[in-house]
Amino acid sequence: MKKYFITFIVITLAAFAWVSCTDFPVDEDGLLITERGQCYVGNFELLGSDFQTVRTKAPVIDTTAQTINVEVFYGTDLKNVYPQFSLVTDAKLDPKITGKVDFSDLANPKVYTVISGNRLVKKPYTVYITVQPKP
Amino acid sequence: MQLKYYSLLLLTFAVIFFTACQDEEYSLPTLEGGLHNDCIKRTLGPNVVGLNLEFAYAMALPKAEGKIVSAQVEASIAGGAATYMEYRSFSTNSSGVDVPVTIGSPSVTSATKTEVIFTKDTCAATLRYFYIIPEEARGKTVKFTFSAKASNGQTVTYEMGPYTVAKMDMKLDLVVSDNNNSYISIADMAVYNAATAATKAANIDLVYLYRTYTTATFNHALVAPAANPDYKPGITLPAGVGNSAKIWKVWALRDQHLARLQYGIYIDDIDFQELDFSGAPDYAINLRAEAGTWVETADGKYRAYIYINKIDNTKKEMTISIKRYQMK
């Protein structure tokens, strides 16, 4: 009886106390490095200072050419917009978006690099913005 | 040995699951003697000059000990002309409607004091007090002393506050129209037509216009007079009008005072103080109803929030309400 009791206690304790401590590597941002090699932008949004979209229509994302084409409303204040990228699982963006971004220099479109979950694949995406024509 | 382990297990379960469930017999609470009072503040949000502060003041004593003869409120700063205390006690019926019961004569306000004399044999009442925030209270604190007197000579008092009165101003329901009153002055909290704007050129901060195009979305717009002509097509500014206000577009900031909708959002002095207008544009186009704009005047003297209550595309006009804060 004593043997069963001790076995029961030990198993119970082991079940509660056992913690899986498998080491997964993390990158310099503290993000998990996984085995995913996919590397693309799924969606793109551009918000104005009022956090409302400034797009006139859905963005065109070409994952082969690695370009994003967006048309914004006439009069959009492109010096103060918030870009939002939806990336494939585990991927991250460089440079990071920490607030408003100045997209007003249309001749020099901004480039954001998508880095895959395994941190081995890097794809630069160029964001081309066009403004509704002047009336 | 076996018994010992069973006992140990049983004891463990007993400790975990045992709950004491002692029955206590209910007994009627004993009525506490004497005159008592209590008070709550019913209004929410910042205290703005011209609006009211509403309180509900409750007072009661056991019927056998006497009746209430008067209720009084003393404010640290005399309220506006319409300050009053209800002479009716309200109860809410099953339909949720407040039903009044008259307990005395209408209140009399003298300087800082407002008093209701009871004329009905009343031993319990809750009276509402409406303090109209006066101009003298702007930026100061105000507090209240509620008191009640009973026929047996007892008196009770209840202190409320201090409450800080906001420095900001407010103006509701100004109508701006594309072809008439299209010039907005934050300094004056007013809208003007072109002729009047010419006489107050230094005070004109924004121009309202409405345009529709097939190739671009423009609609309702608030533009600083000094903005790029592209954003004020067809506008010939009156002589001298040329200020350059900074404007941030805002969405879903439906201030309760300005919008008077169901949203419990309030803009207070601190919101104006903490705004950052660096890099702000001088125009806001494609504005919608229930949107708004933060504005800073060209001289930095005023900051304002302009809320758009209503837009009318046919009449080419907007109804706006403004909260304004003087920065210097």
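In strand β11 of chain B, B:T155 is the bridge partner of B:K149, and eight bridges in total join strand β10, residues 141-150 of chain B, to β11(B), the two running antiparallel. A strand here is a DSSP run of E with at least two residues, numbered from the N terminus, and two strands pair if DSSP finds at least two bridges between them.

Before I go on, please keep in mind that this is a predicted model, in which local features need pLDDT of at least 70 and side-chain atom pairs count only at pLDDT 80 or more, while totals for chains, interfaces and linings use all residues. Residues are numbered from 1 along each chain as its sequence is written, chains are lettered from A and ligands numbered from 1 in the order in which they are written, and side-chain values use heavy atoms, with hydrogens and water left out.

Which strands make up the sheet in chain B? Five strands form an open, antiparallel sheet there, in the order β7-β8-β3-β10-β11, and its edge strands are β7 (108-110) and β11 (155-164), each of which pairs on one side only. From one strand to the next the twist averages 15°, where the axes are lines fitted to C-alpha atoms and angles run from 0 to 180 degrees between N-to-C directions.

Let me stay with chain B for one residue, B:T114, which lies in strand β8, residues 113-117. B:T114 counts as buried because its relative accessibility is 1%; buried means under 20% relative accessible area, exposed over 50%, and partly exposed in between, with a 1.4 Å probe and protein chains only. Leaving aside residues up to four places away in sequence, B:T114 touches several residues, among them B:V73, B:Y84 and B:Y129, contact meaning heavy atoms within 4.5 Å.

Now to the cysteines. A disulfide is a covalent bond between the sulfur atoms of two cysteines. Taking a disulfide as a pair of cysteine sulfur atoms within 2.5 Å, the count over all chains comes to zero. For B:C39, the nearest cysteine sulfur is that of B:C123, 19 Å away. B:C39 counts as buried at 6% relative accessibility, whereas B:C123 counts as partly exposed at 24%.

Finally, chain A has an open sheet of five strands with mixed pairing, in the order β2-β3-β7-β6-β5. Here β2 (60-62) and β5 (92-94) stand at the edges, each with a single partner strand, so one side of each is left without a neighbour in the sheet.

Definitions and conventions:
Helix = DSSP H or I, 4+ residues; strand = E, 2+ residues; numbered from the N terminus.
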